Structures are given as structure tokens and as C-alpha cells.
Amino acid sequence: MSGDRPTVAPEPRRNADGTTTVTTLDAGTVRFACPTWCFVEHGYSVPPAKAEITHRSEPVWALVDTDEHGPTSLVEVSLVQWPFNDHRPQVFLGIETDDGFLELGPAGARRIATALRAHADHIDTMADLLMNLPVGEG
């Protein structure tokens, strides 16, 4: 695996009542329910603004082990939510791409899945072409 892959924080520390507490820059101490799918520790090294509090599921990577390069990761997906951000309080599917971190709703997520399936078919076609190239061509 690449040494520069992000490390995943431990699960959130929950209070006895199941809530989580974060000290913020603008709203003091904020106590809130953390969804069961949230995997990220809410201990921030610098206190965030309340709107920056983030829930995130454990990232899942598409992984492959190739003969040429060994194990590598291709794409990462996770659920993401900024529960106190008025502009985006809903849960998104987060996908890491060359264009950055994309936040997608259900329709966008399904379009990404469709595109990845089509691209997988294209990769299979190209692999067949590689196998059938005449010796010495290329």
C-alpha cells in the first residue's frame, strides 16, 4: 500500500448517554447525538467552528493488487455530514477523486457507480486487446 494513504481516526468517544461533546470556537461546548455510522473521533486538534463539526463513516477504498505495482488504492468513498452547517446539513456520499473530494446525493452517487461499471467494461476490453496483440507489435 502507498505510505501516503490517510489514516483513519478511532471511533468517536461517546458520553454515557450516547452523545458526543466538542468544544468549538464560536459556540462553546456543543453536545450532540453522533450517528451510528460515524467512525471519526471528534477530538479536533484546533477547536472548529460549530458548522465545521463533521460526521464521517469509515472510508472504504477500492483496492487492487497488480503484478506490476503491487497493492494500490483506486478510489475512496464514505458517508459525510456537517450537521450544524446550514448550507449542507444532509448526509452525502463523499468520493475522493482527482478533482478533489466530491459530495454527492443519491442520484449523483448512482451516476458515479454507473460510470465506474462502464469504465470497468472498457478496462476489460483493453485487457483483451493487450492479450491479442501480435508478438512484437506496440
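Let me begin with burial: of the 138 residues in this chain, buried residues make up 24%, where buried means under 20% relative accessible area, exposed means over 50%, and partly exposed lies in between, with a 1.4 Å probe and protein chains only. Please keep in mind that this is a predicted model, in which local features need pLDDT of at least 70 and side-chain atom pairs count only at pLDDT 80 or more, while totals for chains, interfaces and linings use all residues. Residues are numbered from 1 along each chain as its sequence is written, and side-chain values use heavy atoms, with hydrogens and water left out.

Now to the overall layout. Read from the N terminus on, the order of the elements is β-β-β-β-β-β-β-α. If we take the contacts with a separation of 6 or more, 31% of them are accounted for by residues 24 or more positions apart, a contact meaning heavy atoms within 4.5 Å. The chain exposes about 9600 Å², and carbon and sulfur atoms supply 56% of that area; accessible areas come from the Shrake-Rupley method with a 1.4 Å probe, and for residues only the protein chains shown count as cover.

Next, the charged pairs. Side chains of opposite charge can pair when their charged atoms come close. How many salt bridges does a search of the whole structure find? The search finds three, a salt bridge being a side-chain nitrogen of Lys or Arg within 4 Å of a carboxyl oxygen of Asp or Glu.

One of them joins the side chains of Asp-17 and Arg-31, at 3.4 Å from N to O. Asp-17 lies in the segment before strand E1 (19-24) and Arg-31 in strand E2 (residues 28-33), so this pair ties together parts that are 14 residues apart in sequence. Asp-17 and Arg-31 are both exposed.

Another is formed by Glu-76 and Arg-56, whose closest N and O atoms are 1.9 Å apart. Because Glu-76 belongs to strand E5 (residues 70-81) and Arg-56 to strand E3 (residues 55-56), the pair ties together parts that are 20 residues apart in sequence. Is Glu-76 buried or exposed? With a relative accessibility of 3%, Glu-76 counts as buried, whereas Arg-56, at 22%, is partly exposed.

There is also the salt bridge between Glu-103 and Arg-88, with 2.8 Å between the closest N and O atoms. Glu-103 sits in strand E7 (residues 100-104) and Arg-88 in the loop between E5 and strand E6 (92-97), so parts that are 15 residues apart in sequence are tied together. Glu-103 is partly exposed at 29% relative accessibility, and Arg-88 is partly exposed at 26%.

Let me turn to a residue in a loop, Glu-58, which is found between E3 and strand E4 (60-66) and is partly exposed, with a relative accessible area of 45%. Which residues does Glu-58 touch, not counting those up to four places away in sequence? They are Trp-37, Phe-39, Val-77 and Ser-78. Glu-58 and Val-77 are 19 residues apart in sequence, and their C-alpha atoms are 8.6 Å apart in space.

Finally, the surface carries a nonpolar patch formed by Met-126, Leu-129, Leu-130 and Leu-133, with about 380 Å² of accessible area together. Patches are made of residues with over 30% relative accessible area and no salt bridge, like charges being joined within 9 Å and nonpolar side chains (Val, Leu, Ile, Met, Phe, Trp, Tyr) within 5 Å. Leu-129 is found in helix H1 (residues 106-132), and Leu-129 is partly exposed, with a relative accessible area of 47%.

Key: Helices (H or I, at least four residues) and strands (E, at least two) are DSSP runs, numbered from the N terminus.
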